[in-house]
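Q: I'd like a close look at one metal site in this model and at the part of the fold that goes with it. Could you walk me through it in one go?

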Amino acid sequence: MNRIRKITGLGVAFGAFLFLAGCGSQKTPGPETSVSQQFETEMDENLIAVGFSQVGAESDWRAANTESIQSALTPENGFYLIYEDAQQKQENQFKAIRNFILQEVDYIVLSPIVETGWDTVLQEAKDAGIPVILVDRKAQVDEALYTCWIGADFESEGRHAGEWLEQYLDAQGRADEEIHIVTLQGTLDSSAQLGRTKGFAGVMAGHDNWKMLEMRDADFTQAKGQEVMESLLQKYDDIDVVVCENDNMAFGAVDAIREFGGSCGPDGEITILSFDAVSAAFGAMIAGEINVSFECNPLHGPKLQEIIKALEGGGAVDKIQYMEETYFDTSMDLEELRKTRAY
Ligand code: GZL
Ligand code: ZN
């Protein structure tokens with residue numbers, strides 16, 4: 001599968017420009033380019049060229065995911081990685097994938113920001129004979145359009161959150177109390193949002209005394225989490241539980257609650273459930289700001305490396321590959337546990 005590629009030093013977009021402007025992807029740039037830094041990098045044909053379209057840099061989790069993949073797909077490990085940050089715009093992922101196709105990479109790795117809209121561009125990759133590996137989030141396409149998917153079981157994360165809340169309220173003698181809940185949702189239509197919302201709702205259905213006051217999109221960012229929580233605090237005068245679909249939104253919610261004069265965490269009025277379990281979430285639990293965080297393992301790099309090497313060797317790989325994950329709450333020795341964490 002290895003193909004010698006000339007990758008212009010000005011990067012993928014410029015290569016696409018030359019091709020689309022009729023200059024051809026391999027020809028010497030014409031007068032319209034007249035750039036002095038134009039240079040070609042003769043790719044070592046032994047390196048496996050991988051184009052990686054990442055969602056963005058919206059959260060601590062995302063940064064850890066990017067770092068894991070970049071540190072696995074290195075030239076020392078036999079890879080030439082082209083990394084594109086889509087800045088949380090699906091349109092930018094479409095462009096990145098089309099550039100990867102023009103560059104004739106050996107594999108495309110994609111974390112689809114939302115689940116829908118991928119049929120056309122993934123068909124183009126298939127027509128170009130380039131295998132696509134999905135990481136983190138899923139795409140609602142014919143499974144023939146991707147080789148495999150690595151990620152978390154988001155619905156089980158949501159279910160575990162509901163089950164945790166059941167036992168937490170029981171322990172407080174509040175099993176029959178009317179519990180008022182709001183949810184800060186992640187990017188709507190993303191697999192993490194869909195799964196976590198659905199998993200928690202499944203447990204909630206068993207509790208007539210749990211009332212979901214409102215669920216609102218806070219896009220997995222801390223700023224949006226604070227803004228949405230401020231608005232919910234203005235609107236509802238009795239919020240008992242906040243379900244935050246990632247840690248960064250939880251950090252924003254804590255700031256909003258504190259600024260509003262409320263209290264949260266194990267010793268506060270408002271119980272905060274979160275997802276990802278990044279290092280800063282351990283800090284927030286140790287500081288008594290949030291109650292629990294459900295891990296979502298971002299360390300896809302080693303598994304991705306293993307999968308691509310297996311494919312290069314002509315091996316088959318499982319279509320769906322779940323990451324191992326658990327949860328952490330303030331009943332645990334978080335100072336010690338935090339030392340064992342890679343992100
Ligand atoms: C989960 C990932 C989510 C994280 C957020 O696998 O898709 O996106 O939970 C991140 O922190 O923004
Ligand atoms: Zn209440």
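This is a predicted model: local features need pLDDT of at least 70, side-chain atom pairs count only at pLDDT 80 or more; totals for chains, interfaces and linings use all residues.

A: The zinc ion (ligand 2) is coordinated by ND1 of His180, by two OD contacts from Asp238 and by an OD atom of Asp240, at 2.0 to 2.7 Å. The angles subtended by the four donor atoms around the zinc ion (ligand 2) run from 51 to 147 degrees, so the arrangement comes out as irregular. As a reference point, the ideal angle for four tetrahedral donors is 109.5 degrees.

Along the chain, the donor residues of the zinc ion (ligand 2) follow the spacing H-x57-D-x1-D. His180 sits in strand E8 (residues 179-185), while Asp240 belongs to the loop between helix H7 (222-235) and strand E10 (241-244), so this pair ties together parts that are 60 residues apart in sequence. His180 is buried, at a relative accessible area of 13%, and Asp240 is buried too, at 10%.

Now for Asn209, which is in the loop between helix H6 (191-204) and strand E9 (210-217). Asn209 is buried as well, with a relative accessible area of 16%. Leaving aside residues up to four places away in sequence, Asn209 touches Arg174, Ala175, Asp176, Glu177, Glu178 and Ile179.

E10 and E11 run parallel and are joined by three bridges; Val243, for instance, has Leu273 in E11 as its bridge partner. Together with helix H8 (residues 247-259), E10 and E11 make a right-handed β-α-β unit. From E11 the chain then crosses through helix H9 (residues 279-286) to E12, and that β-α-β crossover is right-handed.

E11 and strand E12 (residues 292-295) also run parallel, with four bridges joining them. One bridge partner in E12 is Ser293, which goes with Ser274.

How values were computed: Residues are numbered from 1 along each chain as its sequence is written. Chains are lettered from A and ligands numbered from 1 in the order in which they are written. Side-chain values use heavy atoms; hydrogens and water are left out. Helices (H or I, at least four residues) and strands (E, at least two) are DSSP runs, numbered from the N terminus. Buried means under 20% relative accessible area, exposed over 50%, partly exposed in between (1.4 Å probe, protein chains only). Contact means heavy atoms within 4.5 Å. Donors are N, O and S atoms within 2.8 Å of the metal (3.2 Å for Na, K and Ca); water is not among the atoms, so sites may look incomplete. Four donors count as tetrahedral if all angles lie between 85 and 135 degrees; four count as square planar and six as octahedral if opposite donors are over 155 degrees apart and all others between 65 and 115; anything else is irregular. Two strands pair if DSSP finds at least two bridges between them. A crossover is right-handed if, with the strands pointing away from the viewer, the path from the first strand over the helix to the second runs clockwise.
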